Amino acid sequence: MKTSNQLQKLLRWTVVLLITILFYQCKPKPENQVSTEPLKISLAQWSIHNALDSGKLKAENFAAIAKNDFGISAVEYVNQFYKEHASDRAFWAKMRATADSLGVKSLLIMVDNEGDLGDPNPVERIKAVENHFKWVDAAHILGCHSIRINAFGEGSKEEVQLAMIDALKKLCAYAAKDSINVLIENHGLYSSDGQWIAGIMKGVNMSNVGTLPDFGNWCLSAKWGSTQDGKDCKEAYDRYKGVGEMLPFAKGVSAKSYAFDDQGETVIDYGKMMQIVRESGFSGYVGIEYEGSQLSEHDGILATKALLEKVAKQ
């Protein structure tokens with residue numbers, strides 16, 4: 001039989017234990033887990049679009065260019081440089097073999113000009129959805145995890161959003177068979193509204209739909225959304241707010257850059273932006289997308305890489 005003192009001692013410890021459990025259950029949890037993963041950098045092919053357009057560089061050599069010229073081992077392709085090879089399975093298999101031999105990871109294909117997925121007209125919308133299928137197939141052969149699409153359409157904000165939800169459900173269903181994600185990038189007009197994009201994500205509600213927040217494309221009044229200094233943008237969304245709104249759904253991040261001085265990028269506060277990225281818990285690749293004219297494409301890529309590495313150490 002336990003003595004009275006023993007029973008009192010047991011009771012005290014029981015009360016302490018219950019209080020401790022209640023404290024930890026009631027303690028607010030952080031909304032996001034800050035990422036402690038090391039910075040992973042990729043290269044978006046658009047960063048060298050002038051050299052590709054002029055013929056100075058060849059698109060089929062992209063993996064080698066990223067690795068040998070910039071020391072980057074992950075790449076993001078742009079579909080417009082491969083239009084004639086879109087359905088050429090042998091071409092994509094060769095591209096993958098080359099990337100694999102170099103130790104370069106293929107992450108995604110950025111898809112433009114394949115019709116408006118947000119077209120309120122169901123006939124035109126399904127055409128746009130089906131136009132994207134070949135790029136899903138190419139991404140799968142390459143070993144990518146995603147394709148990036150645009151959220152464009154003619155209509156009211158509500159009409160285009162509903163059309164996008166419908167189109168993405170169909171496109172994501174097709175992509176799911178090959179475990180490919182479908183990502184929206186902010187690219188001007190309605191798509192540069194972070195809350196509007198978040199609404200699409202919630203409306204689709206599929207595991208392989210996501211976002212690719214871009215640091216620079218936040219112009220609400222122009223298609224493609226550039227907010228570069230000197231560009232005519234009548235209305236812009238807060239870039240830091242927008243990136244934060246898209247990050248909960250992000251499967252990639254696009255580090256847009258335009259111009260530099262001794263302090264860093266002159267249009268975008270990279271320290272502030274990367275803090276937002278880290279605090280969201282995002283641990284994927286951050287893709288360099290230099291789009292400026294102050295530096296050459298080569299030097300702009302290296303400047304962006306150096307700035308990302310500097311900020312990551314802070």
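Predicted model: local features only at pLDDT ≥ 70, side-chain atom pairs only at ≥ 80, totals over all residues.
Q: Which residues lie nearest the centre of the largest pocket, and how many residues line that pocket?

A: As a general idea, rolling a probe the size of a water molecule over the atoms shows where empty space is left. In this structure, the largest pocket is lined by 21 residues, and those that lie nearest its centre are W46, H187, N217, W224 and E291. The volume of this largest pocket is about 350 Å³.

Q: What is the volume of the second largest pocket, and which residues lie nearest its centre?

A: The second largest pocket has a volume of about 200 Å³, and of the 16 residues that line it, E37, P38, L39, M274 and R278 are the ones that lie nearest its centre.

Q: How many cavities of 30 Å³ or more does a search of the whole structure find?

A: A cavity differs from a pocket because a probe that fits inside a cavity cannot get out, whereas a pocket is open. Searching the whole structure turns up one cavity of 30 Å³ or more, and the space in the largest cavity comes to about 40 Å³. Its lining is formed by E60, N61, F62, A63, A64, Y77, M95, T98 and A99, with α3 (62-70) and α4 (89-102) as the elements that give two or more residues to it. Of these lining residues, six are nonpolar, two are polar and one is charged.

Q: At what angle do helices α7 and α8 pack, and how far apart are their axes?

A: Helix α7 (residues 157-176) packs against helix α8 (residues 194-204) at an angle of about 40 degrees, and their axes are 9 Å apart. The two helices, α7 and α8, are therefore oblique to each other, and α7 passes α8 in a right-handed crossing. On the α7 side the contact involves K157, V160, Q161, M164, I165, L168 and K169, which meet W196, G199, I200, G203 and V204 in α8. Seven of the residues in this contact of α7 with α8 are nonpolar, three are polar and two are charged.

Q: Which residues make the contact of α4 with α6?

A: Helix α4 and helix α6 (residues 133-142) pack at an angle of about 35 degrees, with 8 Å between their axes, and their crossing is right-handed. From α4 the contact takes R89, W92, A93, M95 and R96, and from α6 it takes W135, A138, H140, I141 and L142. By class, this contact of α4 with α6 has seven nonpolar residues, one polar residue and two charged residues.

Q: Within what distance do the axes of α5 and α6 come, and at roughly what angle do they cross?

A: The axes of helix α5 (residues 122-131) and α6 come within 4 Å and cross at roughly 20 degrees. That makes α5 roughly parallel to α6. Here V129, E130 and N131 in α5 meet F133, K134 and W135 in α6, and the contact has three nonpolar, one polar and two charged residues.

Key. Residues numbered from 1 in each chain as written. Heavy atoms only, no water. 1 Å grid on protein atoms, 1.4 Å probe; cavity = no way out; pocket = protein on both sides within 12 Å on 5 of 7 lines; lining within 4 Å. Points joined across faces, edges and corners; volume = space filled by probe spheres on them. Nonpolar A, V, L, I, M, F, W, Y, C, P; charged D, E, K, R; others polar. Axes fitted to C-alpha atoms, helices over the stretch in contact; angles between N-to-C directions. Parallel < 35°, antiparallel > 145°, perpendicular 65-115°, else oblique. Left-handed = near helix turned anticlockwise from the far one by under 90°. Contact = heavy atoms within 4.5 Å.
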